[in-house]
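Please view the sequence and the model together.

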Amino acid sequence: MPVFYPLLAVNSAIPLSYFVLASAALFSIGLGVVVVKRNAIVVLMGVELMLNAANLNLVAFSRYDPDLKGQMFGLFVIVVAAAEAVVALAIVLLVYRRFQTVDLDEVNEMKR
Amino acid sequence: MLTLGSAVVVLLSRNVLYSAYSLLLTFVGIAALYVLAGADFLAVTQLMVYVGGVLVLLVFGVMLTHRGDAQKSVAQRATEPNVVRTNHGRTLAGVLVAGGMFALLFTVIQKADFTRNEATFYDPITRVSTVPDVGIHLMTDYALPFEVVGVLLLAALIGAAYLSSIRN
């Protein structure tokens, strides 16, 4: 009985440099989001974008690695990013309860 | 390129929910790129963790931390569109930092010249599926990180539950 693996067909169609360039652009966009936005949650979204960009690099390079080291590392990065998002959101909720805002420029108690 | 386009929308949109939805599109696009790079297990994980978990969490965060206009009454607020907006600050610095970062990365990538290595050294390894390999590695070579990550997740879970249960 023939088994179809659709992933096999598209494997290795794209040169590596495209992945790396896309990852660089994603990282820069994430950095821009982190710097420009003033809502704490949108800043978190930017952090997620940057983590994903790094992950994309790892995965793209692990195509050439028989041990799949990059993919394993990427897997752990995903887990740690999820944990980070959870804790950061809990902190954002606490900040909102205390200051009644999530605008990062208004949370400046330590400056006063 | 869908990925990059929607990431740009995350950057440019002032509406937080539009940002969140375009972030969803970005994550799906990244999962597609994983598939193109031959990492099927990671693509499915990406879909489950990011699209199913992190994004829902972010949207919940938007919902819980939004405060409507306090001056208006509830009836007034109910009639107008419920838009959560975010302001942009330090736009010039952001453009400078992000553009500089991209320029730096771009020059480095141009100088690295991956294409030649690709042609002469290796061919990409073709696999039927990465799931068996990933599973075997997780249980043998990466058993310790696997356990550590499990403990980390547990700690994050307990920590988040504790933090969000503090009442003043």
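## A residue at the chain boundary

Is B:L153 buried or exposed, or does it fall in between as partly exposed? With a relative accessible area of 37%, B:L153 is partly exposed, where buried means under 20% relative accessible area, exposed over 50% and partly exposed in between (1.4 Å probe, protein chains only). The residue B:L153 belongs to helix α8 (residues 143–165) of chain B. Apart from neighbours within four places in sequence, B:L153 is in contact with A:V79 and A:A83, contact meaning heavy atoms within 4.5 Å.

## Basis of the model

This is a predicted model, in which local features need pLDDT of at least 70 and side-chain atom pairs count only at pLDDT 80 or more, while totals for chains, interfaces and linings use all residues. Residues are numbered from 1 along each chain as its sequence is written, chains are lettered from A and ligands numbered from 1 in the order in which they are written, and side-chain values use heavy atoms, with hydrogens and water left out.

## The two chains

Chain A has four helices and zero strands; helices (H or I, at least four residues) and strands (E, at least two) are DSSP runs, numbered from the N terminus. Of the 112 residues in chain A, 56% are buried. The accessible surface of chain A is about 4,900 Å², and carbon and sulfur atoms hold 70% of that surface; such areas come from the Shrake-Rupley method with a 1.4 Å probe, and for residues only the protein chains shown count as cover.

Chain B contains eight helices and zero strands. Buried residues make up 30% of its 168 residues. For chain B the accessible surface is about 10,300 Å², with 70% belonging to carbon and sulfur atoms.

## Packing within chain A

Two packed helices are described by the angle between their axes and the distance between the axes. In chain A, the axes of helix α3 (residues 40–61) and helix α4 (residues 69–99) come within 9 Å and cross at roughly 175°. α3(A) is therefore roughly antiparallel to α4(A). Axes are lines fitted to C-alpha atoms, for helices over the stretch in contact, and angles run from 0 to 180 degrees between N-to-C directions. Angles under 35 degrees count as roughly parallel, over 145 as roughly antiparallel, 65 to 115 as roughly perpendicular and the rest as oblique. Among the residues of α3(A) that meet α4(A) are A:L44, A:V47 and A:L51, and the α4(A) residues include A:F73, A:V77 and A:A81.

## Packing between the chains

α3(A) also packs with helix α2 (residues 16–36) of chain B, at an angle of about 10° and with the axes 11 Å apart. These two helices are therefore roughly parallel to each other. Residues in this contact include A:M45, A:L49 and A:L56 of α3(A), and B:L23, B:F27 and B:I30 of α2(B).

The axes of α4(A) and helix α7 (residues 131–139) of chain B come within 10 Å and cross at roughly 70°, so α4(A) is roughly perpendicular to α7(B). The contact is formed by A:Q71, A:M72, A:L75 and A:F76 of α4(A) with B:V134, B:H137 and B:L138 of α7(B). A:Q71 is buried, its relative accessible area being 2%. Beyond neighbours within four places in sequence, A:Q71 is in contact with A:S62 and with several residues of chain B, including B:G38, B:L42 and B:T130.
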